[in-house]
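I opened the structure and kept notes as I went. The entries follow the order in which I looked things up.

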Amino acid sequence: MKILFDQGTPAPLRKWLSEHEVSTAYEMGWSELSNGDLLSAAEQNEFDLLVTTDQNLVYQQNLTSRTIAILILSTTNWPFIKERVAVVVQAVSQMASRGFVSLTFSD
């Protein structure tokens, strides 16, 4: 699966997704793109999944016509996510095209 990490998604998470091709918005030169433009660029470059921490994405964008799957993490806190990395890895492995999942972590 070809995965794009949005700004704010902790880059160390890619270590646990090593069976996938992971790029960051920064690496792609897309760190300044708005959400809509970022989604379009990701789709044009055949990314399968966007991992983001932008909780407002679902409210700001019409996702019904999008072909990219989206996984929203409820925090940017890497130590917190790292403790729950198995949940993230499982969610990624179960993502379908055009799917949308929001992971909310609790203590």
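Predicted model: local features only at pLDDT ≥ 70, side-chain atom pairs only at ≥ 80, totals over all residues.

**Entry 1: helix α5.** Val85, Val88, Ala91 and Val92 of α5 are buried. I then checked how these four are placed around the axis: they span an arc of only 125 degrees, so they sit on the same side of α5. On the face turned away from that buried side I found the exposed residues Ala86, Ser93 and Gln94.

**Entry 2: nonpolar cores.** Which residues touch the most other members of the largest nonpolar core? I listed Ile3, Leu13, Leu49, Leu71, Leu73 and Val88, out of 19 residues in that core. I noted that β1 (2-5), β3, β4, α4 (78-82) and α5 (85-94) each contribute at least two residues to this core. The largest share, 4 residues, is supplied by α5. There is also a second, separate core of 13 residues, with Leu4, Ala41, Leu57 and Ile68 among them. As background, I wrote down that nonpolar side chains tend to be buried together in soluble globular proteins.

**Entry 3: overall layout.** I stepped back to the whole chain, which has 5 helices and 5 strands. Along the sequence the order reads β-β-α-α-β-α-β-α-α-β. Of the 107 residues in the protein chain, 44% are buried. I also looked up contacts with a separation of 6 or more: residues 24 or more positions apart account for 53% of them.

**Entry 4: strand pairing.** Next I traced the pairing around β3. Strands β1 and β3 run parallel and are joined by 3 bridges. Strand β3 (residues 49-52) also pairs with β4 in the parallel sense, over 4 bridges. I followed leucine 49 in both directions: isoleucine 3 stands opposite leucine 49, and in β4 the bridge partner of leucine 49 is alanine 69. Further along, threonine 52 stands opposite isoleucine 72 in β4.

**Entry 5: faces of β3 and β4.** In a regular strand the side chains alternate between the two faces of the sheet. I checked burial on each face with that in mind. From β3, Leu49 and Val51 point one way and Leu50 and Thr52 the other way, and all are buried. Both faces of β4 are covered too, with Ala69, Leu71 and Leu73 buried on one side and Ile70 and Ile72 buried on the other. Why is strand β4 described as largely enclosed by the rest of the structure? I counted 5 of the 5 residues of β4 (residues 69-73) as buried, so the strand is largely enclosed.

**Entry 6: aspartate 6.** I wanted to know where aspartate 6 sits, and found it in the loop between β1 and β2 (21-24). Is aspartate 6 buried or exposed? Its relative accessible area is 11%, so aspartate 6 counts as buried, the cut-off being under 20%. Leaving out residues up to four places away in sequence, aspartate 6 touches Ala25, Asn35, Leu38, Leu50, Val51 and Thr52.

**Entry 7: salt bridges.** How many salt bridges does the count come to? I got 2. One joins the side chains of glutamate 27 and arginine 14, at 2.9 Å, N to O. This pair links distant parts of the chain: glutamate 27 is in helix α1 (residues 25-28), arginine 14 is in the loop between β1 and β2, and they are 13 residues apart. Glutamate 27 is partly exposed at 46% relative accessibility, and arginine 14 is partly exposed at 27%.

The side chains of glutamate 83 and arginine 84 also meet in a salt bridge, at 3.3 Å, N to O. Glutamate 83 has a relative accessible area of 65% and is exposed, whereas arginine 84 has 16% and is buried.

Methods: Residues numbered from 1 in each chain as written. Heavy atoms only, no water. Buried < 20%, exposed > 50% of the residue type's maximum accessible area, 1.4 Å probe, protein only. Pairing = 2+ DSSP bridges. Contact = heavy atoms within 4.5 Å. Core = buried A, V, L, I, M, F, W, Y, C linked by side-chain atoms within 4.5 Å. Arc of directions from axis to C-beta. Salt bridge = Lys/Arg side-chain N within 4 Å of Asp/Glu carboxyl O.
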